[in-house]
Amino acid sequence: MSTPTVMKFDEALVRFEPVLGLETHIELGTASKMFCGCPTEFGAEPNTQVCPVCLGLPGSLPVANRAAIEGIIKIGLALNCEIVEWCRFARKNYFYPDMPKNYQISQYDEPLCVDGHLEVEVDGEVFRVEIERVHMEEDTGKSLHVGGATGRIHGADHSLVDYNRAGIPLVEIVTKPITATGDKAPLVARAYVTELRELVRSLGVSDVRMEQGSLRCDVNVSLMPRGASEWGTRTETKNVNSLRSVERAVRSEIERQAAVLDGGGKIVQETRHFHEDTGTTTSGRSKEEAQDYRYFPEPDLVPMAPSREWVEELRATLPELPAARRRRVQGEWGLSDLELRDVVNAGALDLIEETVAAGADAGAARKWWMNELSRRATEKGVELAELPIEPAQVARVQEMVAARELNDKLARQVFEGVLAGEGGPDEVVAARGLRIVSDEGALTAIVDRVIADNAAVADKVRGGKVAAAGALVGAVMKASRGQADAGRARELILERLGVS
Ligand SMILES: [Zn+2]
């Protein structure tokens, strides 16, 4: 393989305009498969969730799964699509070992949902991604290549095939060409997949886990010289399996294609593989044209004709969608656009909302998650949601702060204890003896001692330099090993010095 030549991203963007297209496959979380009654549980022993229908044995007949059709209609509605009144399944014919029927039941020229859109935001700029179609199909099985270093077929000793996944309901969401994104193209692609994942998750129809393959993305990229009116030839990078990889795959293809075009070469229409380790793509197979699949209407299934009443019933079940939810909490919590974006990017929206639901005020909940707990998540190299602390526990700590049983410093020690597995907030407070000194007599004694020990500072305060009291408060906090209520200590100091 020759060393791929690339043009620097910034230079490529000066010369060329990227055009993107994203095809996203989402496995629905139905209990049974698309056309048979087999279970769909992830991670079962290979070939234990199969039957004559999903193995394509002669004489077996498929029956469409109503729950799956409901799921795709909900996705279509959430994406602002039109749900057509009548459409059919189609056979997509091709041979591949992980597809036991030698054809996939899909939809071709008659998709169920058409003409939608999804708005995504990058650095405060809104991009409207047009959705061409959302159609229903079935997943293939899985090949496992054994003996090679990369898990790919090249270099493998032999291959095994697992048909448990064959026939699981799969929804394919295809965008129209996404243009005019300029140097934001990689970020727009990532933001789109992120938003789509949030949207589908909110509908409860799939767990949309990229690492388990229940959301998979194919990334189409082409370049056209600036000022040109015709689009270039596109490549399709298959099964990019993380959000970061979506961004990197777009960037890498822009850099590679720009270099090819700059050198007078032509872009070949092909599929490409993305490599996590290098962040680059390599050539796969030449891309089939639709005619290669010999599509024809599926003769074993009746057409789908969802009644308008049913569609409206499903529309009425849609939950609050992520974009509307973000606008709502932004208003309720009084956040600026930038603050909201930080919360979303930190993955803290759900956590803060649950903490508020458990009784904390929004400002305090946001403060703990975005500062102290974010810092600890970064230290541990985990996502915020992976920290071993529940929103209700954060709310409990804040309740104690509000009741002046803890100050912020002690609260941080409580978080430390909870994260270290020492138990819930109350247990940590009890075990570590972290209550604030609320005994007025004990606090007054500390204050008097501090005033005596710092006579010069005390005199300044008496003389009207109230700001100097801060040093005395600090001394009280130190003397109480952080367990005094700083606000009350300050009041007592000023009272004792006759300036309150
Ligand atoms: Zn089956």
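The model is predicted: local features need pLDDT of at least 70, side-chain atom pairs count only at pLDDT 80 or more, and totals for chains, interfaces and linings use all residues. Residues are numbered from 1 along each chain as its sequence is written. Helices (H or I, at least four residues) and strands (E, at least two) are DSSP runs, numbered from the N terminus.

**Helix 11 with helix 12**

- The axes of helix 11 (residues 408–419) and helix 12 (residues 425–432) come within 9 Å, and they cross at roughly 110 degrees. Axes are lines fitted to C-alpha atoms, for helices over the stretch in contact, and angles run from 0 to 180 degrees between N-to-C directions.
- Helix 11 contributes Gln-413, Val-414, Gly-417 and Val-418 to the contact, and helix 12 contributes Pro-425, Val-428, Val-429 and Arg-432. Two residues are in contact if their C-beta atoms, placed from the backbone, lie within 7 Å.
- By class, the residues of this contact of helix 11 with helix 12 are five nonpolar, two polar and one charged. Ala, Val, Leu, Ile, Met, Phe, Trp, Tyr, Cys and Pro count as nonpolar, Asp, Glu, Lys and Arg as charged, and the others, Gly among them, as polar.

**Helix 10 with helix 11**

- Between helix 10 (residues 391–402) and helix 11, the axes come within 10 Å and cross at roughly 155 degrees.
- Angles under 35 degrees count as roughly parallel, over 145 as roughly antiparallel, 65 to 115 as roughly perpendicular and the rest as oblique.
- The crossing of helix 10 and helix 11 is right-handed. A crossing is left-handed if the near helix is turned anticlockwise from the far one by less than a right angle, and right-handed if clockwise.
- Gln-393, Val-397 and Val-401 of helix 10 meet Asp-408, Ala-411, Val-414, Phe-415 and Val-418 of helix 11. This contact of helix 10 with helix 11 has six nonpolar residues, one polar and one charged.

**Helix 15 with helix 16**

- Helix 15 (residues 469–479) and helix 16 (residues 486–496) have axes that come within 9 Å and cross at roughly 125 degrees. That makes helix 15 oblique to helix 16.
- Helix 15 passes helix 16 in a right-handed crossing.
- On the helix 15 side, Ala-469, Leu-472, Val-473, Val-476 and Met-477 meet Ala-486, Ala-489, Arg-490, Ile-493 and Leu-494 in helix 16. The residues of this contact of helix 15 with helix 16 divide into nine nonpolar, no polar and one charged.

- Nine strands form an open sheet of mixed pairing, in the order 2-5-6-9-1-10-11-12-13. Two strands pair if DSSP finds at least two bridges between them.
- At the edges lie strand 2 (82–83) and strand 13 (280–286), each pairing on one side only.
- Strand 2 and strand 5 (residues 113–122) run antiparallel and are joined by two bridges. Ile-83 stands opposite Cys-113 in strand 5.
- Helix 4 (residues 243–262) packs on this sheet and touches strand 1 (16–27), strand 10 (215–225), strand 11 (235–240), strand 12 (270–275) and strand 13; the direction of helix 4 makes about 30 degrees with that of strand 10.
- Eleven bridges join strand 1 to strand 10, and these strands run antiparallel. Ile-26 has Leu-215 in strand 10 as its bridge partner.
- Strand 10 and strand 11 also run antiparallel, with four bridges between them. Asn-220 stands opposite Glu-236 in strand 11.

- Strand 3 (residues 90–93) is joined to strand 14 by two bridges. Ala-90 stands opposite Pro-297 in strand 14.

**Domains**

- The protein chain is divided into domain 1 (9–314), domain 2 (320–432) and domain 3 (440–496). These bounds come from an automatic or database domain assignment.
- The centres of domain 1 and domain 2, taken over C-alpha atoms, are separated by 36 Å. Seven residues from domain 1 and four residues from domain 2 make the contact.
- Helix 3 (residues 185–203) supplies the largest share of the domain 1 side that touches domain 2, four residues. That side of domain 1 divides into two nonpolar, two polar and three charged residues.
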